[in-house]
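Here are my notes from an afternoon of clicking through a structure. I wrote down what I looked up, one stop at a time.

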Amino acid sequence: MGTTCRPPPRLRRAGRLLRRAMSGCVWELGPPGKRWLVAGLGNPGLPGTRHSVGMAVLGQLARRLGVAERWARDRRCAADLARAALGDAQLVLLRPRRLMNANGRSVARAAELLGLTAEEVYLVHDDLDKPLGKLALKLGGSARGHNGVRSCISCLNSNLPAPLCSSQAMPRLRVGIGRPTHPNAVQAHVLGRFSPSEQELLPPVLERATDLLLDHIRERSQGPWSGT
């Protein structure tokens, strides 16, 4: 049985300090400007599943913004974070490291640390009631049975001071994953991986989702949002 090679203590300490410094850079947002938090909901460790399509969109968004190699773990909100500029606006991308049912704890903590209101937090998540490829970016609404969204609504309402916490002010990008014909198959469907035929459709879906997010954020950064 072979031995595992580990770097010497000095290098391990240096690595920890570097990761901590990279994480700190996310919060040091530089010159004042409009700030947005964009959170992709999902289950860490389960990439490629339908329930984690929000995280897939965040991956594409990070690539588009040139920060795909700049994700840094932050233990305060149990999430991977990356900062990006969009014109004069500043974006913080977030992928929770908690399970879907507890995603809201990461999202609400990051919003609190950044000093953001609920309307400055974008959620990106899967939607059973839309076919694969169908996208909708709308204001607020109920969780509609989505445990990750329910967690975000609950935690934002608890963590942010009124009137900054209204979940009705939170924009959400819903990404259709389709609903199975049999009700008992829902859990296996959302936790399952995209089929080969679905995987062929996925790249353009991620591209369109990224376009929709960026266009929407650019427009809101320039003036008031009508909520439509």
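**Ala 78.** The model is a predicted one, so I am reading computed values here. I found Ala 78 in the loop between strand S2 (72-74) and strand S3 (79-86).

**Arg 144.** Next I looked up another positive phi, about 55° at Arg 144, again not a glycine. Arg 144 sits in the loop between strand S6 (135-139) and helix H4 (147-159). With a relative accessible area of 48%, Arg 144 is partly exposed.

**Asn 43.** Then I went to the loop between S1 and H2, where Asn 43 has its place. I read off 8% relative accessibility for Asn 43, so Asn 43 is buried. I also checked Asn 43 against Val 53: they are 10 residues apart in sequence, and their C-alpha atoms are 9.6 Å apart in space.

**Strand S5.** How many residues of strand S5 (residues 121-127) are buried? I got 7 of 7, so I noted S5 as mostly covered. I then looked for its partners. Strand S1 (residues 35-40) runs parallel to S5, and 4 bridges join them. In that pairing, Ala 39 stands opposite Leu 123 of S5. Strand S7 (residues 171-176) also runs parallel to S5, joined by 5 bridges. Here I picked out Val 124, whose bridge partner in S7 is Leu 173.

**Helix H6.** I checked the length of helix H6 (residues 196-222) next. Its 27 residues at 1.5 Å a residue should span 39 Å, and I found the end C-alpha atoms 41 Å apart, which agrees. Where is the kink in H6? I found it at Leu 202, about 35°, shortly before the proline Pro 203. Leu 202 is also one of the buried residues of H6, which include Glu 198, His 216 and Arg 220.

**H2 against H6.** Last stop: how two helices pack. Such a pair is described by the angle between the axes and the distance between the axes. For helix H2 (residues 53-65) and H6, I noted an angle of about 70° and axes 9 Å apart. That makes H2 roughly perpendicular to H6. I also wrote down that their crossing is right-handed.

Methods: Residues are numbered from 1 along each chain as its sequence is written. This is a predicted model: local features need pLDDT of at least 70, side-chain atom pairs count only at pLDDT 80 or more; totals for chains, interfaces and linings use all residues. Side-chain values use heavy atoms; hydrogens and water are left out. Helices (H or I, at least four residues) and strands (E, at least two) are DSSP runs, numbered from the N terminus. The expected span of a helix is 1.5 Å times one less than its number of residues. The bend at a residue is the angle between axes fitted to the seven residues ending there and the seven starting there. Buried means under 20% relative accessible area, exposed over 50%, partly exposed in between (1.4 Å probe, protein chains only). Two strands pair if DSSP finds at least two bridges between them. Axes are lines fitted to C-alpha atoms, for helices over the stretch in contact, and angles run from 0 to 180 degrees between N-to-C directions. Angles under 35 degrees count as roughly parallel, over 145 as roughly antiparallel, 65 to 115 as roughly perpendicular and the rest as oblique. A crossing is left-handed if the near helix is turned anticlockwise from the far one by less than a right angle, and right-handed if clockwise.
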